Amino acid sequence: MMALWPAEYHSISLIGIANAWIILGGLIGLLHFRILQWSISRLIDGQIFALAFAIQFVRFALTAAILVIITCYFGVMPLLVTTAGILAARTIIVRLGVRT
């Protein structure tokens, strides 16, 4: 198991590592919530329900798989920071109110 938060790192290194995880979380979140917007717009337009449902399932499964991989290989702290990035991306998407 690779621990990316060992005690021998300096605080600047920890900040750099945390920034990398939060950026990764932001990218995951942007993808996750943009797909949600796209899928919901397809449902509103009355397109095929099964396709929209399948896309929702894949969206959840992909996000969950990425978070499980991060937890298994890197630990809890990267998971928490990545999740913070996902929540930040959600806030950005909701505040921008981007329409597809």
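View 1. Because the model is predicted, local features need pLDDT of at least 70 and side-chain atom pairs count only at pLDDT 80 or more, while totals for chains, interfaces and linings use all residues. Residues are numbered from 1 along each chain as its sequence is written, and side-chain values use heavy atoms, with hydrogens and water left out.

View 2. Read along the sequence, the pattern is α-α-α, where helices (H or I, at least four residues) and strands (E, at least two) are DSSP runs numbered from the N terminus. Of the 100 residues of the protein, 29% count as buried (buried means under 20% relative accessible area, exposed over 50%, and partly exposed in between, with a 1.4 Å probe and protein chains only). Among contacts between residues at least 6 apart in sequence, 66% join residues at least 24 apart, a contact being heavy atoms within 4.5 Å.

**View 3. Phe49 and Phe53 form one of the two aromatic pairs in the structure.** The structure holds two aromatic pairs, and in the pair shown here the rings of Phe49 and Phe53 are stacked, 6.2 Å centre to centre with 25 degrees between the planes. Rings of Phe, Tyr and Trp (its six-membered ring) pair if their centres lie within 6.5 Å, and planes under 30 degrees apart count as stacked, over 60 as edge-to-face and the rest as tilted. Both residues belong to helix 2 (residues 49-74), where they are four residues apart, about one turn of the helix. Phe53 is exposed, as is Phe49; the latter counts as exposed because its relative accessibility is 56%.

View 4. Ser39 is found in helix 1 (residues 11-44), and it counts as buried because its relative accessibility is 0%. A polar atom of the Ser39 side chain lies 3.4 Å from the backbone oxygen of Ala52, which is a polar contact: a pair of N or O atoms within 3.5 Å, where within protein one must be able to donate a hydrogen and the other to accept it, and residues adjacent in sequence count only if both atoms are side-chain atoms. The C-alpha atoms of Ser39 and Phe49, 10 residues apart along the chain, are separated by 9.7 Å.

**View 5. Thr63 and Leu62 both have their place in helix 2.** Thr63 counts as buried because its relative accessibility is 13%, whereas Leu62 is partly exposed, with a relative accessible area of 42%. A polar atom of the Thr63 side chain lies 3.0 Å from the backbone oxygen of Arg59. Apart from neighbours within four places in sequence, Thr63 is in contact with Ile28 and His32. Leu62 and His32 are 30 residues apart in sequence, and their C-alpha atoms are 8.7 Å apart in space.

**View 6. Helix 2 and helix 3 pack against each other.** Two packed helices are described by the angle between their axes and the distance between the axes. Helix 2 and helix 3 (residues 76-96) pack at an angle of about 150 degrees, with their axes 7 Å apart; axes are lines fitted to C-alpha atoms, for helices over the stretch in contact, and angles run from 0 to 180 degrees between N-to-C directions. The two helices are therefore roughly antiparallel to each other (angles under 35 degrees count as roughly parallel, over 145 as roughly antiparallel, 65 to 115 as roughly perpendicular and the rest as oblique). Helix 2 makes the contact through Leu67, Ile70, Thr71 and Phe74, and helix 3 through Val76, Pro78, Leu79, Thr82, Thr83 and Ile86.
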